[in-house]
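Please open the structure in your viewer and keep the selection panel at hand. Each stop of this tour names what to select and then describes what is found there.

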Amino acid sequence: MTGGLLFALTGVALFASGVAGVVLIDNLLRRILAFNLMGSGAFLVLVGLAQRNEVADPVPQAMVLTGIVVAVAATALALAMTRKYHALTGRLELTGDDND
Amino acid sequence: MKRLAVTALATGFAVVLVEAMLNLGPAAIDLRIPVRENLAESGVSHAVTAVLLNYRGYDTLLEVAVLLLALVAVLTVTDEADVAFPHMEHPVLQTLARLATPLMTVVAVYLLWAGAFRPGGAFQAGSVLAAAAVLLHLVGLLPGWRSPRLPLRLGLVAGLLTFLAVATAMLARGALLEYPPSMAGGLILLIESVLTVSLALILAGLFLLLSRDEGPS
Amino acid sequence: MTANEALPLAVIASSLLPGLAIFALPERRVGLRTALNLFGAIAKLALVATLLAGVSAGEAYAFRYAVLPGIDLAFKADALALLFITLSAVLWLFTTLYAIGYLEKAPNRSRFFGFFSLCVTATMGIAMAGNLFTFFVFYELLTLATFPLVVHRGTTQAMRGGTIYLAYTLFGGTVLLTGIVWLFALIGHTEFTQGGVLSTRADLPPWKLQSIFLLMILGVGVKAALVPLHGWLPQAMVAPAPVSALLHAVAVVKAGAFGIVRIVYEVFGVEFAQLLNLLFPLALVAAFTIVWGSLRAAFQDDLKKRLAFSTVSQVSYIVLGVALFGPLGTIGGLVHLVHQGIMKITLFFCAGNYAETLGIHKVSELNGAGRRMPLTTLAFTVGALGMMGAPLTAGAVSKAWLMDGAAAAGMGWATGVLWLSSLLSAAYFLPILWRAWLLAPPKAWPTPRIAPHGWRETAWLLLLPPLFTAAATVAAAMLAELSFGTIPVTPLAWARLIAAREYGALNAP
Amino acid sequence: MVWLIALPLGWASLTVLLGPRRGAWTAISALTAQLWLAFELAQTVRATGTVRHAVGGWGAPLGIDLAVDGLSAAMLLLAQGVALPVAIYARAYFKVRSGHPGGVWFWPLLGFLIAGLNALFASADLFNLYVTLELVGLAAVALVAAGGGAPQVAAALRYLFATLLGSGAYLLGVALIYGVYGTVSTATLEPLLTVEAPRLAWIAGLLMLSGLMLKTALFPFHYWLPPAHGGAATPVSALLSALVVKASFYLILRLWIGPFAALVDRIAWLPAVLGATAVIWGSWHALRAVRLKALVAWSTVAQIGYLFLVFPLLGDDRIALHAGGMQMVSHAFAKAAMFTAAGVIVHTTGRDAVAEVAGVASRLPVTLFAFGLAGMTLMGLPPSGGFLAKWLLIEAALARGRWDMVVVVLAGGLLAAAYTFRVLRQAFLLPPSGERRRVERRPIAVLEWTAFVLAAASVAMGLRGMEIVQLLDAGT
């Protein structure tokens, strides 16, 4: 097993646990963390799988850089909205009753 | 019940995926070769920067848009009132922060310049600058942001607008973002420099706009 | 675009454009609105007259516009289309006049007349549809355009009637669409052609064709109010009187009946339909509807409801005529399409006059109405006698041809059905006439609203239309065989022209 | 083509520069230009086939390619065609509701949204598509959240997590594809992805499909849509329902008939079954919704279901593809019209319960007419574009003997009629005489007529079916 593949496999584990977290966790802050876990998992797979033969590939590396920035943007928005939600309701969990 | 089901599904998914990964042959296409072959024309000598700002510069253009969008989005969900100004009067920390800031600026400039031939570039440089701003804010030397005024707004959008302007200017002779090899280096440096400033402002803004408590802290 | 292509479009535009303009008019522009209405109606009559002259001389008027690959919006003004168009165009003029009088000072008149014009536009489209696709487009448009008219008053009761109407017609439309697309999937087009497009396609499995026929007849049967699909018609009588006239005589039920005619003659072809054993069941349904409608009518006290069930019964005369295999039945059915329209509109105009003038809504309130409103009651009498098939009325002409047709087709039982229906009609119309003419009026009318002026027992715009249509009912019988040179001018003559073209030269009577 | 992306990015930045609540006219004039550009592009595509553009001059697989074929061109035209009237509507809407927090940064967010959509429709690179998806998703979430109240923010948060989960799954799929093939260009991938593709490619396809279905709010992933679309400011609801869900659907369709075409036969039943369930489930909720805008939002859930019915019917005859394209286009206009009309009703009467719209027919005739015309399209009644879509769908289903699909399509139409007429019949009722009107604002002509124009466009599609089909077929 190469190091690249190991990264990819770790990425799979991270992604899976991240998804489970986003689905299961109610607390918004922790859910945002779970989302980041998920994103990191995908990035690891992207970089690791492409470099499974141990030669650096700049293309997925650049893609991951782009992906990270996008994830940062999403995280910032999520935090801002969580904060607003907290300010409005005092809660950090979404409840069922604000559904229509 | 739901917890169990989701966990089981996620685990199952991971197992299937791992199994499939372990049985994978070589890829049909190897982009490393064209990346290397065209490096001379890309204007930079570092492969990742070449991909980021030249081969796949369009991704980066959109990514800057995503960041700016995130800033605007954060603006829409923050209220105008209540700007935080952490009342931290810790002289040691403040002095350290004052010392660190110029140092970080230098690092940022180095990163920007280094990006052409080794890991580095506008994003890294911008992040370091933004970190400096956050540091200053946390020790109470820089207030949180209100709705940004015109000069600040100009700084925020300058990066995207410059990038966009250069990208579309290339349409005159070919495709979007098709730098002439002779000018590629200069154009990329121009974009990166402006981007550094804008990205620093945006990243700092994402923090400084959110850093506002209800009432004085 | 040649003139022959433009004419069918002009017929449609002559009500569509004024209709759209009327929507945009503010409520208080009564004069302009009336002018637009009348201009449209008269322009349409002029266009129709041109078409009549042309078609009888053998001209072909058609227009096509591709909507999807293989699917065209196609119009053709053939003899059959013109029969329906002429009826609608003439009655539209009368109904418009009547509605202007009826809705004087009522709210939302721009909306009313806008949709009113759309209705007639849709009817024109149905009549001139050159294929099932086009037919369906306008058939559904008619549903949509009539809904606001049915619920025009905005009361909960009106809404209930409107909702039931919609439920029936939209469901019918869906079934019809299924049949049409299925046919399209089988043969790749949906054109109407004389003699039927399917008659040359005996290679297709009969069960598929029979299913398609069933779907299509179910679909149009809703509007034609075939029992048991008739439930909406008595409910929809909550609409204002001009709308009832429109539903019963000019547009909706006629569109259904007309659809059956087109499907039998020009999709399947009457001979092929007979070959597939489709006509006999259709005749049975029609016969049952005729009897059932008459029976139900006899037990209604509400005048408009009684008329509504009478429509259920009478429209199936047309269907019966179509289902009687042979040219005589065809002529009887087609001529009744027109005759039923003229007679029924007379009756609804009169019912509206009783309601508007004196507040009479029930049969039991009609005692002595003939003395207070002799002219209206006279018109009503003519219409009612026509419905019974009394001599010297249009009804007698249709009935005679239908009975001949039944005899020629060897369906003697149908003759019995027609006789039974006449008796039943007499049973529910004669008491009305007896009450109106012979019984003493009550001390006070329910809610008198319009005072008499000399011979004018009610507003003149309410009075003249029924008198005209009653006169037409008689004229259609007296002058049934009249021709103007080579141009057939009476409904009967025109129906014979159609039958001659449909059955070819082989056995035209 | 490039300008369709660069222009909105430019004016989005420009409106940030102009400041809060500014930039309406910049946006409207730019959108007008974009509409013209999209129109020209569609003409070019129809005349000469697919238009390609190698960004940076490198060409795939090293660089990123843009490719606009008939389907893309139709979507681009649709996006500008809906966005322009909605922008005009939004200007008036936020002008009369000057305190609305959603209006502060509406214009830049709109710019980024349109830029993202256009970039998405034009892109032929899986990773680039990911970035555009995020651009669209984040802009859409921000627009919802800008409504300001707790319900909106909660809806936006749900929406955000749904969209992030969706794009996360998509991204993992892209990562796997790159791992397997070393490229993310759709054109390069197309010959490589065959039935013998390694298992990882199949998993990647499924990941991308499910991620995108989540973003499209296909049943059972629809939970986030009704609160987000029903709770946002009206122009936002219109854009979201009309365009944003279509973007991810477009992408599914694009991948389905493009690179993954060899793989999808076996799973074609899945989206169709979910779609059929969505039609029933969405309509049922629309029938029971209390609020007018919630009704319209649930109707979107149902109509999305319609779109997914095309997958098992796709084939060489392209009828199902035409049906899908026609449905996307006409539904987009109809739904934008319906939301904008509903917005006028809510704004003018000050109420948003379906049960309280009595009397609207006589006070807001234009708006109600718009609502009715839009309803015609949703019900699939002629001569609307929705009717042609329905016709084509039934035709495609019959061609493959799929009577079950025919029944779903027809039942969906009847259900749509039921919930549309729930509103219309209420509107035709006389207002209860005793009741005092609480809020009664003057109707605003611009709002009414933009809704009408959108509705009329959705119906007019029915008469321009040939052009749409020809455009969809261009470049193949």
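The tour below moves from the contacts between chains to individual pairs of residues. Please keep in mind that this model is predicted.

**Stop 1: the chains**

Begin by colouring the structure by chain. Chain A and chain C do not touch, and their nearest C-alpha atoms lie 27 Å apart. Chain B and chain C do not touch either; here the nearest C-alpha atoms are 37 Å apart.

**Stop 2: where chain B meets chain A**

Select chains A and B. In this interface, 40 residues of chain B are in contact with 37 residues of chain A. The area buried between the two chains is about 3,100 Å², and carbon and sulfur atoms give 77% of that area. How many salt bridges are counted between chain B and chain A? The count is zero. Four residue pairs, however, are in polar contact across this interface. Several helices of chain B each supply at least two residues to the side that touches chain A, including α2 (32–37), α7 (122–138) and α9 (181–208). The largest share, 11 residues, comes from α1(B). By class, this side of chain B has 27 nonpolar, three polar and 10 charged residues.

**Stop 3: a hairpin in chain C**

Select residues 62–68 and 71–76 of chain C. These are strands β1 and β2, which pair in the antiparallel sense over six bridges. Y65(C) stands opposite L73(C) in β2(C). Two residues lie between the strands of this hairpin, in which G70(C) takes a positive phi near 85°.

**Stop 4: salt bridges**

Over all chains, the count comes to 19 salt bridges. Select R449(C) and E356(C), a salt bridge whose closest N and O atoms are 3.7 Å apart. This pair links distant parts of the chain, 93 residues apart: R449(C) is in the loop between α18 and α19 of chain C, and E356(C) is in helix α14 of chain C.

Next, select D352(D) and R291(D), a salt bridge with its closest N and O atoms 3.1 Å apart. Each residue lies in a loop, so the pair ties together parts that are 61 residues apart in sequence. D352(D) is partly exposed, at 29%, and R291(D) counts as partly exposed at 24%.

Finally, select K76(C), D78(C), R262(C) and E266(C), which salt bridges with shared partners join into one network.

Notes. Residues are numbered from 1 along each chain as its sequence is written. Chains are lettered from A and ligands numbered from 1 in the order in which they are written. This is a predicted model: local features need pLDDT of at least 70, side-chain atom pairs count only at pLDDT 80 or more; totals for chains, interfaces and linings use all residues. Side-chain values use heavy atoms; hydrogens and water are left out. Contact means heavy atoms within 4.5 Å. Buried area is the accessible area (1.4 Å probe) that two parts lose on being put together, summed over both. A salt bridge is a side-chain nitrogen of Lys or Arg within 4 Å of a carboxyl oxygen of Asp or Glu. A polar contact is a pair of N or O atoms within 3.5 Å; within protein, one must be able to donate a hydrogen and the other to accept it, and residues adjacent in sequence count only if both atoms are side-chain atoms. Helices (H or I, at least four residues) and strands (E, at least two) are DSSP runs, numbered from the N terminus. Ala, Val, Leu, Ile, Met, Phe, Trp, Tyr, Cys and Pro count as nonpolar, Asp, Glu, Lys and Arg as charged, and the others, Gly among them, as polar. Two strands pair if DSSP finds at least two bridges between them. Buried means under 20% relative accessible area, exposed over 50%, partly exposed in between (1.4 Å probe, protein chains only).
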